[in-house]
Amino acid sequence: MDAALQPNATAPQPAADTALQNQETAPKAATAAPASSSLPELVRFQHITKIFGAGLAARVAIQDVSFVVHDLPDKGELVCIVGPSGCGKSTVLRILAGLAPHYPPTTGEVQVCGQPIAGPGADRGLVDQKYSLLPHLTVLENVAFGLRLCGVARVERRDQAQEWVKKIGLEGAEDKYPQELSGGMQQRVAIASTLILKPRILLMDEPFGALDPKIRLRMQELLVQLWNEQQGTVFFVTHSVEEAVYLGDRVFRMAAGPGRLVEELTVPRPDEPPEVIRRRPWFAELTQELLRRLEGDAPASGQLPGIEK
């Protein structure tokens, strides 16, 4: 570890002050499943390579990407994928979703719950940056639409949709149409319409990228709240280092040329609003070090500094 990243020596302090300093400078890392865990595997990427095109036009999107995410009962895990443009972040997400043309991979195998995937499935839900809402349906109807396709009775799906509208803070907007909503409100509806189906895995491809900074922070806080309630597994693609460090239990750092997974980093699980955590010294230290690694295309460099293991 660089000397500049080592904790500064301080004079003796009262116990209460020392405890507060430790809380702010050395947060505990999220507990991940051990490498030889007896917990079942939820997702396995096994030597995945994806090449688009053929011959001289061939382009390697990702190369030899492997990772395992376990099924953590009563807890779940939020994995943030961060890296430069063109490193294959969205390709990883869409292969896991089973969506063409990214799926199937050129080589390798993707498993969910121990079984190879064969395309999209109800166990995986996708939310992207495009606010995938049906313009002719109201907020309530959009949230309930997936249940309608599943054959859920009208009264039951309306009750469930109403509960989700309440969870995302849009009470009073049930009868509005997407074009009457702000970008942040539209994304809340998109998230609710996905989570209402209770997918085992939630896939989010830069869902807050188009929002202004203030709304983006509120959406991050909402996501953490809903995630804690659902206790599922989330894969979250972002260009923002701060967003990755705030949201993630783990951060997958990718690099380009070709797209590849460089390292998996454990970070603290969020327990405060984003605008509060961003003022913590340890948060600045983590984000600056991760940004340095990204900008310098550094090789795997071990865990981020300042985290109590």
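In the predicted model, strand E1 (residues 41–52) pairs with strand E4 (residues 107–112) in the antiparallel sense, over five bridges. Within this part of the structure, Arg44 stands opposite Gln111 in E4. The two strands belong to an open sheet of four strands, ordered E2-E1-E4-E5, with antiparallel pairing. Strand E2 (59–70) and strand E5 (115–116) stand at the edges. Each has a single partner strand, so one side of each is left without a neighbour in the sheet. Helix H2 (residues 89–97) lies across E1, E2 and E4. H2 runs at about 120° to E1.

An open sheet of six strands is also present, in the order E6-E7-E8-E3-E9-E10. Its pairing is mixed. Here the edges are taken by E6 and strand E10 (260–266). Both have a single partner strand, so one side of each lacks a neighbour in the sheet. Direction ignored, neighbouring strands of this sheet are turned by 20° against each other on average. E6 and strand E7 (residues 201–205) pair in the parallel sense, over five bridges. Asp128 stands opposite Asp205 in E7.

The largest pocket has a volume of about 630 Å³. Its lining consists of 25 residues. Gly125, Leu126, Ser193, Thr194 and Leu197 lie nearest the pocket centre. By class, the lining divides into 15 nonpolar, eight polar and two charged residues. Strand E6 (124–128), helix H3 (139–149) and H5 each supply at least two residues of the lining. E6 gives the largest share, five residues.

Ser193, one of the residues nearest the pocket centre, is found in helix H5 (residues 183–195). Its relative accessibility is 15%. Ser193 therefore counts as buried, the cut-off being under 20%. Leaving aside neighbours within four places in sequence, Ser193 is in contact with Asn142 and Val143.

Notes
Residues are numbered from 1 along each chain as its sequence is written. This is a predicted model: local features need pLDDT of at least 70, side-chain atom pairs count only at pLDDT 80 or more; totals for chains, interfaces and linings use all residues. Side-chain values use heavy atoms; hydrogens and water are left out. Buried means under 20% relative accessible area, exposed over 50%, partly exposed in between (1.4 Å probe, protein chains only). Contact means heavy atoms within 4.5 Å. Two strands pair if DSSP finds at least two bridges between them. Axes are lines fitted to C-alpha atoms, for helices over the stretch in contact, and angles run from 0 to 180 degrees between N-to-C directions. On a 1 Å grid over the protein atoms alone, a cavity is a set of points where a 1.4 Å probe fits but cannot get out, and a pocket is an open set with protein on both sides within 12 Å along at least five of seven lines; lining residues have an atom within 4 Å of a point. Grid points are joined across faces, edges and corners, and a volume is the space filled by probe spheres set on the points. Ala, Val, Leu, Ile, Met, Phe, Trp, Tyr, Cys and Pro count as nonpolar, Asp, Glu, Lys and Arg as charged, and the others, Gly among them, as polar.
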